[in-house]
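Hi there,

Here is the structure I promised to pass on to you. Have a look at it first, and then read on for what turned up in it.

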Amino acid sequence: MDTKAKKEMHLKMTLYMFLTIAAAGVVGFVLLKYAMPGYYFKWYPAIPAYFALLSIVMALFMAHYEKRRPGKILVVFMLTRTIKFTCTIAVLLLYYGLVHDNMLVFGVMTFIFYMIHMVVELAVYNNFAKSLKNGTE
């Protein structure tokens, strides 16, 4: 697979992850704001924004290491998952320490977004790995 095709594939996968997180964010906002207004909290938009930013940063991280060490892409993928988990725990602890507003709902929504992010990321990674193996897009 040539460099241009790899760049296009990275862009498509990053866009797919970003749009999935954005769509989940909009659905969550509508549900919390209108269907369950008692559970809505002002920090909710920070959750999808955090995972969207995390998607972009980790996709760039994967693209960087895919160029430098293509044979180690699985190790890099697992490393990014560990970093995401650690960062997410740190965000939960910071929220608990600084905000204290609707801790249970914040934790549940963060967990839901974390799981959505992990499932979508796994699907994207599988597609990426198959493309690299086949040498096609």
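Helix 1 and helix 2 pack with their axes 9 Å apart, at an angle of about 165°. Angles over 145 degrees count as roughly antiparallel, so helix 1 and helix 2 are roughly antiparallel to each other. The crossing in which helix 1 passes helix 2 is right-handed. On the helix 1 side, the contact is made by Lys 6, His 10, Thr 14, Met 17, Phe 18, Ile 21 and Gly 25. Helix 2 brings Pro 48, Phe 51, Ala 52, Ser 55, Ile 56, Ala 59, Ala 63 and Glu 66 to that contact. Sorted by class, the contact of helix 1 with helix 2 has nine nonpolar, four polar and two charged residues.

Please keep in mind that this is a predicted model. As for the overall build, the protein has four helices and zero strands, so from the N terminus on the elements read α-α-α-α. Taken along the principal axes, the C-alpha atoms fill a box of roughly 50 × 30 × 15 Å.

Now for the other helix pair. Helix 2 and helix 3 pack at an angle of about 155°, and their axes are 10 Å apart. Helix 2 and helix 3 are therefore roughly antiparallel to each other as well, and their crossing is right-handed. From helix 2, the residues that meet helix 3 are Tyr 50, Phe 51, Leu 54, Met 58, Phe 61, Met 62, Tyr 65 and Glu 66. Their partners in helix 3 are Ile 73, Val 76, Phe 77, Leu 79, Thr 80, Ile 83, Lys 84, Cys 87, Thr 88 and Val 91. The contact of helix 2 with helix 3 divides into 14 nonpolar, two polar and two charged residues.

The largest pocket has a volume of about 250 Å³. Helix 1 (3–35) and helix 2 (46–68) each supply at least two residues of its lining. That lining consists of Thr 3, Lys 6, Lys 7, His 10, Leu 11, Thr 14, Ile 56, Ala 59, Leu 60, Ala 63, Glu 66 and Lys 67. By class, the lining of the largest pocket has five nonpolar, three polar and four charged residues. Lys 6, His 10 and Thr 14 are among the lining residues, and these three also take part in the contact of helix 1 with helix 2.

The second largest pocket holds about 210 Å³ of space. What is its lining made of, by class? It divides into eleven nonpolar residues, one polar and no charged. The residues in question are Trp 43, Ala 46, Ile 47, Tyr 50, Phe 51, Val 91, Leu 94, Tyr 95, Leu 98, Val 99, Phe 106 and Thr 110. Helix 2, helix 3 (73–98) and helix 4 (103–134) each supply at least two residues of this lining.

The structure holds one cavity of 30 Å³ or more, and the largest cavity has a volume of about 200 Å³. Its lining numbers 15 residues, of which Met 13, Met 17, Ala 59, Met 62 and Val 124 lie nearest its centre. Which helices each supply at least two residues of the lining of the largest cavity? Helix 1, helix 2, helix 3 and helix 4 each do. By class, the lining of the largest cavity has nine nonpolar, four polar and two charged residues.

Happy to talk any of this through with you.

Best wishes

How values were computed: Residues are numbered from 1 along each chain as its sequence is written. This is a predicted model: local features need pLDDT of at least 70, side-chain atom pairs count only at pLDDT 80 or more; totals for chains, interfaces and linings use all residues. Side-chain values use heavy atoms; hydrogens and water are left out. On a 1 Å grid over the protein atoms alone, a cavity is a set of points where a 1.4 Å probe fits but cannot get out, and a pocket is an open set with protein on both sides within 12 Å along at least five of seven lines; lining residues have an atom within 4 Å of a point. Grid points are joined across faces, edges and corners, and a volume is the space filled by probe spheres set on the points. Ala, Val, Leu, Ile, Met, Phe, Trp, Tyr, Cys and Pro count as nonpolar, Asp, Glu, Lys and Arg as charged, and the others, Gly among them, as polar. Axes are lines fitted to C-alpha atoms, for helices over the stretch in contact, and angles run from 0 to 180 degrees between N-to-C directions. Angles under 35 degrees count as roughly parallel, over 145 as roughly antiparallel, 65 to 115 as roughly perpendicular and the rest as oblique. A crossing is left-handed if the near helix is turned anticlockwise from the far one by less than a right angle, and right-handed if clockwise. Contact means heavy atoms within 4.5 Å.
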